Amino acid sequence: MSNYYTSIMGGIIIGLASWLLLFGLGRVAGVSGIMGALIGRQSASNAWRIAFMAGLIVGGGVFHLILNVKVSSLQSPALMIPAGLLVGFGSVLGSGDTTGHAISGLGRRSGRSLIAVMTFLATGVATALVTASMRL
């Protein structure tokens, strides 16, 4: 199956999930915010957060099996742990993550989200260029 097909399907599913969450519960689908709230407090209102996060994990596993998506090799924990911490720090600093800003924020025509997405994109391109030049 073509990589384009799986990417298009993934985009449609992410868009549909964020739309359902916004119109069904009035909540923005920002994964870092959902996870942060889930970790930070214990309440009865966490049921939708648990369902959303479980859906990400289970849904990814199901589509991996159905579409036979290739898995990239894992990196060392010494690289992944600082990278995860930097992503978390960036999410807090940017008042949201790529899901919240790019999927939900741009859909709501948020100017702040547009600036955040342009920053994510520029940083991603710069990081890819630096890491590609290190492999030469």
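Residues are numbered from 1 along each chain as its sequence is written, and side-chain values use heavy atoms, with hydrogens and water left out. Because the model is predicted, local features need pLDDT of at least 70 and side-chain atom pairs count only at pLDDT 80 or more, while totals for chains, interfaces and linings use all residues.

The largest nonpolar core consists of seven residues, namely Leu21, Ala29, Ile34, Leu38, Trp48, Phe52 and Met53. A nonpolar core is a set of buried Ala, Val, Leu, Ile, Met, Phe, Trp, Tyr and Cys residues joined through side-chain atoms within 4.5 Å. Buried means under 20% relative accessible area, exposed over 50%, and partly exposed in between (1.4 Å probe, protein chains only). Helix H2 (31-40) and H3 each supply at least two residues of this core, and the largest share, three residues, comes from H3. Helices (H or I, at least four residues) are DSSP runs numbered from the N terminus.

Contacts (heavy atoms within 4.5 Å) were listed for individual residues. Apart from neighbours within four places in sequence, Met53 is in contact with Val31, Ile34, Met35 and Leu38. Arg49 also lies in helix H3 and counts as buried, at 4% relative accessibility. When residues up to four places away in sequence are not counted, Arg49 touches Arg27, Ile34, Ala37, Leu38 and Arg41.

Helix H3 (residues 47-67) also contributes six residues, the largest share, to a nonpolar surface patch. This patch of about 630 Å² is made by Ile13, Leu56, Ile57, Val58, Val62, Phe63 and Ile66. Patches are made of residues with over 30% relative accessible area and no salt bridge; like charges are joined within 9 Å and nonpolar side chains (Val, Leu, Ile, Met, Phe, Trp, Tyr) within 5 Å. A salt bridge is a side-chain nitrogen of Lys or Arg within 4 Å of a carboxyl oxygen of Asp or Glu. Accessible areas come from the Shrake-Rupley method with a 1.4 Å probe, and for residues only the protein chains shown count as cover. Ile57, found in helix H3, is exposed, with a relative accessible area of 65%.

In helix H5 (residues 98-107), the buried residues include Thr99, Gly100, His101, Ser104 and Gly105. H5 is followed by Arg109, which has a positive phi near 60°. Ser113 is found in helix H6 (residues 111-134) and counts as buried, at 3% relative accessibility. Leaving aside neighbours within four places in sequence, Ser113 is in contact with His101, Gly105 and Leu106.
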